[in-house]
Structure formats: C-alpha cells, structure tokens
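Hi,

Here is the structure I promised to pass on. Please have a look at it, and then read my notes below.

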Amino acid sequence: MNIAIVGSGYVGLVTGVCLAHIGHKVVCVDVDREKIRKLRLGKVPIYEPGLEELLKKYLKNKKLSFTWAIKEAAKKSDAIFIAVGTPSKKNGDADLTYVENVAREIALSMDSYKLIIEKSTVPAETGKRIARTIRMNLPKNKKSIPDFDVASNPEFLREGSAIKDFMNPDRVVIGVESKKAERILREIYKPLKPHMVVTNINSAELIKHASNSFLATKISFINAIAQICDHLGADVLKVAEGMGFDKRIGRSFLDAGIGYGGSCFPKDVDAFVRLSEKSGYNFKLLNEVRSVNEEQKAFFVRLIEDKLWIVKNKVIGVLGLAFKPNTDDMRNAPSLDIIKMLQHEGAKIKAYDPVSMENAKKMMKKITYSKDPYALAKGCDCLLLLTEWDEFKHLDFKKLGKVMSQPILFDGRNMYRKQDFEKLGFEYYGIGRGMV
Ligand code: UGA
C-alpha cells in the first residue's frame, strides 16, 4: 500500500520505518526541512535502538522516502497517518493546532479516496473534528467531491523498544466508522498478524488515554507502597513480586522509583484529567496519581538530605539523566526536577549519561558533565542512580568507591542489592527497601 506519514518525530518516524519493513511504500513528511535533509541521508535525529539500520535499508531500496511537500505526498497515498505533536497547553489541554493544519493541507490536496488515520495521542472527538475540517476545506472547484474516511489507530510504542513493540504488538486498536476504513487498516497490519480491537473512533481514542493513565496509576500505586515499605521495614521488590504473580495484577509497571517521566505519561495524564473535567467528571484518582508522582521526586531528595546531613557544597554525582534507559529523551525526565531541587539546596552536581548528555546540556547548564562513570565518581560525596542503563549494572564500584569522598549510593531505580554494596563498604539507599 502507498502510505504517507505526516510528522516525522518519534512516533511518525518509527511507524514509517516499520510500515516499510512490513512491505508498504512509505513517504514520511515533516515541515522541518533540515530534519528531512538529514533523514534522506540516513541520519536519525533521535536515539532509538535499531531505527537507523532499518531506515538506511529501506531508503536504499526506495520503500521509504522523505519530503516536506505534504500535498504531493498525500496525493500519492491511499492512507495518510497523522503523527504530528500534540503538546500540552498551560491548562493541560492538548494543543491540536498541528493536527488541524495537517487536516486542512490534506483536504486541499485530495483528488481521490483517502483514509486519514490519527496516530497522535488526541482527545476523544478529535476524529470528528478532523473529518469536519477536511469537509470544509475540500477543493470547491472540482466536479465531484472526493470521498474519504477518518480513523483512529493509537500507538502503544515505548521509547527504547519501539521497533520491537511495533513488530510484536499486544494488540492493534482501530477506531473506524466504515467497513472500507476497517478493511484498509486490516490490510496495512496484516503482515503482523496482530490481535485487532475494532471499535468506533471515540472508543479508540479513549483506549489510548485509559491505557497510559492506567500504567501511570500502577507506577504511582507502587511508589505509594514503597513509602509505606520504608516505614514498616518491608521490601517493595518482594511486595511487587508477590503481587505480580497474581495474573489479574501482573508484575510489569510495578517498579518503584523516582516517578514516571517522558513525553507521554505526564502530558497524557494531564490531558485526560482535562478531558474528563470537560465531560463533567472529576477524575480525582488521576489527580492523586499526579501528586504521588511529584511527591516521589521530593521524597528522594529528602532522603538524600537526611543522609548527607548538609547538602550545601556537597558534590553529588548523577548516574543517568534520560527519563528511562535506551533513549536520549530528556523530556520531563525526573532527573531534571531532582537536580534542580538539589542545586537549590547548594549542591554541586556532576553527571554522566551514555547518550542523553547532549540533550541535557541544552536544558541544564550549571552541571559538570563527565566522560564516564569513573571520572564522575572522583571527589563525589555520594552517587545517585537515576536511569537504569545496562551499562551501570556492571560498574566496578570498588574502583568508584576509592575515588569518592564518601562511598554513598542512592539507588533511585532499585537496580542494585544492598548486601553487595555493604560488602564494598558503601552506604546504600534504595526506594522502599525498608531502610528509612
Ligand atoms: C509510554 C507507554 O508505555 C507506551 O505504551 C505509549 O505508547 C507511550 O507512552 C506513548 O504514549 O507514546 P514511554 O513513555 O516510552 O511509553 O515509556 P515507559 O516505558 O512507559 O516509561 C514511562 C516512565 O515510567 C519512565 O520514566 C519509566 O522510568 C517509568 N516507569 C515505568 C516506572 O517508574 N516504573 C515502572 O514500573 C515502569
């Protein structure tokens, strides 16, 4: 099938490359010409394992191309995915300006049937608004008005494992209002043989909001449990294990830590709270999910303050800055807030991250960035593990401890075992490990 993807950011790019990989002819569109020029040369602007290799492969055999000419791309395509950004407005609402612009551009280029698919995370009813925008902007001078359908096909890709997630989906959700739209979407995903959930557009849009909000709720729930564990001398890892074996609960997304971050959960939870408000429902539960998440970062800082006693002028080494491993994404990373709070108390921050330091430098200035964990540890009064990169699993902490001023480790991701660190002469503090 000939497919256009409008918006070559994280979601658009991964979707485009993966659709080429399963046999479609894909053109990815973006208004950022510099980005398109680089993509044409096979240069990927984000860090995502496996993406660059696939992109180069399909560029070479011409299954994948890039352009900023949206009208031409739309004309040549049977299906057009909208994957542009939907940033948060100040009040938490999703800003749909880009989605509307794209809908208008598509309408102006339409000369035959098109299926327009929303992939961006959008509030319920957006599908209807896209259809209305297209109807109002169709070329008036044509003899026959071209037919079209709008559909919703939310994405469930996680940064860092997006290609794997695309190729092995738990489910593919499609929200459609016509048999034709359903047939086309089934055809697009046929090579993956996925479990399909077919519903109307509003329900599909809601599935995405409900899924992300539920996962965020699971994380805040286990973080709340972690707080209790600390006070009762229980271990949150064992509690999560014990809960997780119950098939109704499941172990995933029960990792206590320093709170969720990233470009999705914080924004999507905000947008869902606003959407609920507008529909007349006060989603108190999600408000609590948000405040537990904020509180978790402050709790971690309090723990550090308590154990260091005086934070002012202490040198604190941060291992990991990205909001999660295998990405260079710093958007809403918990490290940003934690570092800010510590700097406010007068701490001197050093930091190391395997891939996100370039992005971090644009957002945080008063930090000494180190070339590796060993350079980082030198002269530190404590280390904080904020992102659980694989690389950090195998560090030589004996060596690190020797160059630190005081061997103290605050493990914000519960990546290590206390007993291993005690043997090395480290003071070790995790999250919810019964140690406060
Ligand atoms: C999330 C969802 O998992 C995807 O299904 C969805 O498609 C995506 O948002 C989106 O809406 O585009 P992502 O933000 O890439 O994906 O990352 P996650 O793996 O979900 O992690 C989000 C945050 O939660 C990270 O900061 C992570 O460290 C934290 N987390 C995750 C925990 O603190 N504990 C856990 O048990 C799991």
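Asn 414 sits in the loop that runs between β13 (408-411) and α17 (418-423); helices here are DSSP runs of H or I with at least four residues, strands are runs of E with at least two, and both are numbered from the N terminus. Although Asn 414 is not a glycine, its phi is positive, about 50°. Asn 414 is buried, at a relative accessible area of 10% (buried is under 20%, exposed over 50%, and partly exposed in between, with a 1.4 Å probe and protein chains only).

Before I go on, a word on the source. This is a predicted model, in which local features need pLDDT of at least 70 and side-chain atom pairs count only at pLDDT 80 or more, while totals for chains, interfaces and linings use all residues. Residues are numbered from 1 along each chain as its sequence is written, and side-chain values use heavy atoms, with hydrogens and water left out.

Asn 313 also has a positive phi without being a glycine, in this case about 70°. The loop between α12 (284-308) and β9 (315-319) holds Asn 313, and this residue is partly exposed, with a relative accessible area of 49%.

Now the overall layout. Domain 1 puts 16 residues into the contact and domain 2 puts in 18 residues (contact means heavy atoms within 4.5 Å).

- A polar side-chain atom of Lys 208 is 2.6 Å from a ligand oxygen.
- A polar backbone atom of Leu 157 is 2.9 Å from a ligand oxygen.
- A backbone N or O atom of Leu 254 is 3.4 Å from a ligand oxygen.

The protein covers 93% of the 720 Å² of accessible area that the ligand has on its own (Shrake-Rupley method, 1.4 Å probe).

Best wishes

Conventions. Polar contact = N/O pair within 3.5 Å; in protein donor to acceptor, adjacent residues only side chain to side chain.
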